[in-house]
Amino acid sequence: MTSASPLTLSAATPDQGPAQRSAFADLSQETLALTRRLFLQLARRPSTLVAGVLQPLIWLVLFGALFAKAPEGLLPDGMSYGRFLGAGVIVFTAFSAALNAGLPVMFDREFGFLNRLLVAPLRSRSSIVLASVLYITSLSLIQSLAIMATAALLGYGWPGGAGLLLVLVTLLLLVFAVTALSLGLAFALPGHIELIAVIFVANLPLLFASTALAPISFMPSWLGWLAALNPLTFAIEPIRAAYAGSFSLQAVVLEAPYGDLTALTCLGVLAALALGLFLLIRPVLDRKLS
Amino acid sequence: MIQLDQLSKSFGPVTALDGFSLHVPAGSLYGLLGPNGAGKTTALRILCTLLAPDAGSVRVAGLDALQHPRQVREHLGYVAQEVAIDKILTGREMLRLQGALYHLGALHLRQRIDDLIQLLGMDDWIDRRCGTYSGGMRRRLDLASGLLHQPSVLVLDEPTVGLDIESRAVIWQVLRQLRDSGTTVLLSSHYLEEIDALADRLAIIDGGRVIAEGNPEDLKRALGGDRVTLRVREFSDAPESERVQQVLQACPGVRQVVVNRAQGHSLNLVVDGEAVIEQLRRQLSEAQLPVFSLSQSRPSLDDVYLQATGRTLRDAELEVAGIRDPKAERKQAMR
Ligand SMILES: Nc1ncnc2c1ncn2[C@@H]1O[C@H](COP(=O)(O)OP(=O)(O)OP(=O)(O)O)[C@@H](O)[C@H]1O
Ligand SMILES: [Mg+2]
């Protein structure tokens, strides 16, 4: 057995306590530590990362092949189907990743790890939420970039310069919105089974009822309406425009049944959605984390 | 150092705490003793700001924990009853995370972690993933995380339940050293021996309130009397032991005589002091009764418990064993 000097055991004297540290230093320290934990988990269990890239990749290859012989001129601007599909799959990748944001939080609630965080003198408990947002944002962007790279290799193009920036901003806004939703559910639902059920039910229908796989002109009018209201569409169309090369924020990217949408409008809607959802889930987080 | 006053807490129809008050002096090693369901965990969770009481006040180091929970958390180290660890991280990574949550500086933290690895004998396995740890290793790791920020108050909820002897010895030793170096330690247990061996003071809890409080020696002394176990032969039959019982009851200084059927009709006596025992021997030989064995002991905490609650700790445990639903409780404890 070991013997310790009393020094290691005795309580910290108040003057060396954390009082003199700035709130910002504390906040970033705790947030980074929590984010680091999530990444360590990911590194040691990379299956989520791999599956998150593999699934959209399969979509891209299979659907691309399925419609490879679609007649020229079927899609707007004589686009090939592969090129058309690319934007949809990129958005779907980011969307699915963000939808899973709540799962680690839910498991922490269920296994009591959250209690360990709550007895610590966190500067603000938002760092728990912030860490999840940081983690899932980077994860989904990494996955989307992997898909974009593969799509480029398949010959579906690459959005240069300003186009790339537009793609990233669009994805970021979508990811924020969906992450907020998922985190809210993770605190509101009773357990992981319910959360997984919601994720499962939301995922594919949202994909099909968007312009990811087919343009609105292909859809019966009710589906066209749904697609034109679907947040995924608001992310897909600016990205598609960015892939098409020449674009400006003022250019019309979608002719929706209710009117034309510019890239800027789409971004505005996504930003409003993200903000709205964060405001919506705040009371839930406050209640569960207080 | 810790002042809990008139705490009440109900979970639906279940009253977990009912006018619970506890004052723990600074620098003491204080034991909370009570059967399953007595309210130990509930009281400790309230103390550690994880749970809000329905009524009552909580003060730690002069601070109101309900008003200033964050400051109080800085003073507290909490080793919970159920250890929640991240199975994918190594022990060292868990400690680093914990250190960051308490805002320790990188250099200081590294030093602290090394010290605690030494202190708790975690060298061999600290860099393995927590998922591979035994119960004893988890507890030691958890104790280390509780100590990382050098809290002035350490709270442990049944820290040695189900542990191997080595881990238990390590934990006991560390708790004693902590107390000796001025940390206030509050631990709950339903092992009488543990509290008896460790605690300077204890409170006995039953039905959500404190029913006895003091230092172990005083409590035992207050109970008074010596315990004597007597056999006239190895196995007596009932009539014989009842005859002996009558003889003994007539002796001055004998408070109580009980025939213990489960132990071959041996006789359990409570007597006033050692002098009475000589008296007993004389009385027995006068009545021509042999003495097969006679042993004597001071009152134990078990007797204190029995006196305070009217039942033994074991009986109390059995009583609630069927009633509680751990799964539902865990669900409700979820945030
Ligand atoms: N979250 C909860 N939901 C419902 N009832 C609870 C909850 N927590 C505790 N209880 C009830 O409150 C009472 C006190 O429980 P507590 O866990 O504080 O006891 P304890 O002394 O720690 O017991 P043990 O020795 O088994 O750990 C019990 O009757 C228990 O069933
Ligand atoms: Mg308990």
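Me: Which residues of α5(B) are buried?

Reply: This is a predicted model, and in it the buried residues of α5(B) are B:Gly136, B:Met137, B:Arg139, B:Arg140, B:Leu141, B:Asp142, B:Leu143, B:Ala144, B:Ser145, B:Gly146 and B:Leu147. Buried here means under 20% relative accessible area.

Me: What does the number of buried residues say about how α5(B) sits in the structure?

Reply: Of the 13 residues in α5(B), 11 are buried, so the helix is largely enclosed by the rest of the structure. For the chain as a whole, buried residues account for 52% of the 335 residues in chain B.

Me: What span should α5(B) have, and how far apart are its end C-alpha atoms?

Reply: With 1.5 Å a residue, the 13 residues of α5(B) should span 18 Å, and the end C-alpha atoms are 18 Å apart, which agrees.

Me: How many helices and strands does chain B have, and what box do its C-alpha atoms fill?

Reply: Chain B has 13 helices and 14 strands. Along the principal axes, its C-alpha atoms fill a box of roughly 80 × 45 × 35 Å.

Me: What does the length check give for α9(B)?

Reply: Helix α9 of chain B covers residues 238-249. Its 12 residues should span 16 Å at 1.5 Å a residue, and the end C-alpha atoms are 16 Å apart, which agrees.

Me: Where is B:Glu158, and is it buried or exposed?

Reply: B:Glu158 is in the loop between β7 and α6 (165-180) of chain B. With 5% relative accessibility, B:Glu158 counts as buried. B:Glu158 has a positive phi as well, of about 45°, although it is not a glycine.

Me: Which residues coordinate the magnesium ion (ligand 2)?

Reply: The magnesium ion (ligand 2) is coordinated by B:Thr41 through OG1 and by B:Gln81 through OE1, at 1.8 to 2.3 Å. B:Thr41 belongs to helix α1 (residues 40-47) of chain B and B:Gln81 to the loop between β6 (76-79) and α3 (91-101), so the pair ties together parts that are 40 residues apart in sequence. B:Thr41 has 24% relative accessibility and counts as partly exposed. B:Gln81, at 33%, also counts as partly exposed.

Me: How many cavities of 30 Å³ or more are there, and what lines the largest cavity?

Reply: Rolling a probe the size of a water molecule over the atoms shows where empty space is left. Here the count comes to three cavities of 30 Å³ or more. The largest cavity holds about 110 Å³ of space. Its lining includes A:Leu34, A:Arg37, A:Pro104, A:Asp108, A:Leu117, A:Ile128 and A:Ser132. At least two lining residues come from each of α2 (23-44), α5 (102-111), α6 (113-119) and α7 (126-153) of chain A. By class, the lining of the largest cavity has eight nonpolar, one polar and two charged residues.

Me: What lines the second largest cavity, and which element gives the most to that lining?

Reply: The second largest cavity holds about 50 Å³ of space. It is lined by A:Gly82, A:Arg83, A:Gly86, A:Ala87, A:Ile90, A:Ala151, A:Tyr156, A:Arg240 and A:Tyr243. The elements giving two or more residues to this lining are α4 (81-99) and α11 (231-243) of chain A. The most comes from α4(A), with five residues. The lining of the second largest cavity divides into five nonpolar, two polar and two charged residues.

Technical notes. Residues numbered from 1 in each chain as written. Chains lettered and ligands numbered in written order. Predicted model: local features only at pLDDT ≥ 70, side-chain atom pairs only at ≥ 80, totals over all residues. Heavy atoms only, no water. Donors = N, O, S within 2.8 Å, 3.2 Å for Na, K, Ca; no water. Helix = DSSP H or I, 4+ residues; strand = E, 2+ residues; numbered from the N terminus. Buried < 20%, exposed > 50% of the residue type's maximum accessible area, 1.4 Å probe, protein only. 1 Å grid on protein atoms, 1.4 Å probe; cavity = no way out; pocket = protein on both sides within 12 Å on 5 of 7 lines; lining within 4 Å. Points joined across faces, edges and corners; volume = space filled by probe spheres on them. Nonpolar A, V, L, I, M, F, W, Y, C, P; charged D, E, K, R; others polar. Expected span 1.5 Å × (residues − 1).
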